[in-house]
Amino acid sequence: MNDEVYKLVYSMITILITSGCFGYINYNILEKLNVVVDRPNKETDKKQKIMIFTGINISLYWVLTTVLNYEITLSIMLILLFDVIGTILIIAPLIKLIDFLINKIRRTSGQSYTENRNTRDYIFNTNKIQTLFVFDFDNNLITCGYLDYQQSGDNNYFDLALMPLDHPENQYSFEYIVEEVSKHENSRTLVDFEKQIKIYIFRD
């Protein structure tokens with residue numbers, strides 16, 4: 001490869017890395033693992049995290065190409081490998097360790113445990129079978145069923161996909177559901193003040 005072509009390829013790869021494309025891979029993996037969670041409608045949170053991961057990728061790329069004198073192709077492959085495997089095995093546990101230490105410090109100072117996830121994701125993100133009963137604030141049953149899918153809380157939009165129950169909806173009164181919830185340790189109640197609904201959740 002002559003010098004002109006090498007410089008062109010080097011410049012294109014450098015632009016690709018410094019533009020944040022590789023940093024987004026780290027962010028996307030960590031988001032899927034629920035290691036990093038951004039507040040709804042806070043795009044700056046996401047950009048800041050991607051900038052940090054981009055900086056890590058730039059540093060790694062510089063070390064591989066300048067210090068270790070690796071070929072560009074090999075360097076890119078190693079960075080991509082790091083972005084996938086390294087993010088899962090190194091970055092994710094490191095972030096969890098930092099969160100653990102922060103929460104330990106908070107507990108010793110009398111503060112509550114912090115949870116990064118949205119309330120809906122915190123409740124619904126489980127592999128257990130969940131039966132939902134949705135009431136309005138006047139205690140009227142809106143719908144009920146087995147949870148099939150729920151929209152994640154990151155875009156502040158809330159919808160649910162439910163599978164029908166074995167029994168008709170009209171047999172479930174508000175008083176009956178509240179009484180049953182109190183009997184089950186794994187039950188949860190989600191109150192959405194914006195949508196003015198209450199969701200009673202039974203977990204099997």
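Reader: Which residues of helix α2 are buried in this model?

Author: The model is a predicted one. In α2, the buried residues are Phe22, Gly23, Asn26, Tyr27, Ile29 and Leu30. They lie on the same side of α2, because the arc they cover around the axis is only 165°.

Reader: How many residues does α2 have, and what span does α2 reach?

Author: Helix α2 covers residues 21–32, twelve residues in total. From the first C-alpha to the last, α2 reaches 17 Å, which is close to the 16 Å expected at 1.5 Å a residue.

Reader: Which residue with a positive phi follows α2?

Author: That residue is Asn34, with a phi near 60°.

Reader: Which elements of the chain have the lowest and the highest mean pLDDT?

Author: The general idea comes before the case. Where pLDDT is low, the predicted coordinates should not be read in detail. In this chain, helix α1 (residues 3–18) has the lowest mean pLDDT among the elements, at 65. Strand β1 (residues 130–136) has the highest, at 93. The average over the chain is a pLDDT of 83, and 84% of the residues score at least 70.

Reader: To which strand is β1 joined, and in which direction do the two run?

Author: Strand β1 is joined by five bridges to strand β2 (residues 141–150), and the two run antiparallel.

Reader: How many bridges join β2 to β3?

Author: Four bridges join β2 to β3 (residues 160–163), and these strands also run antiparallel. Here Tyr149 has Ala161 in β3 as its bridge partner.

Reader: How many salt bridges does the structure hold?

Author: The structure holds three. The cut-off to keep in mind is that a side-chain nitrogen of Lys or Arg must lie within 4 Å of a carboxyl oxygen of Asp or Glu. Glu179, Glu180 and Lys183 are linked in a network of such bridges.

Reader: Where do Lys183 and Glu179 lie, and how many residues apart are they?

Author: Both lie in helix α6 (residues 174–183), four residues apart, about one turn of the helix. Lys183 and Glu180 are three residues apart in α6, and so are separated by about one helical turn.

Reader: Which residue forms a salt bridge with Glu194?

Author: Glu194 forms a salt bridge with Lys195, the closest N and O atoms being 3.8 Å apart. Glu194 is exposed, with a relative accessible area of 60%, whereas Lys195 is partly exposed at 35%.

Technical notes
Residues numbered from 1 in each chain as written. Predicted model: local features only at pLDDT ≥ 70, side-chain atom pairs only at ≥ 80, totals over all residues. Heavy atoms only, no water. Expected span 1.5 Å × (residues − 1). Buried < 20%, exposed > 50% of the residue type's maximum accessible area, 1.4 Å probe, protein only. Arc of directions from axis to C-beta. pLDDT = per-residue confidence, 0-100. Pairing = 2+ DSSP bridges.
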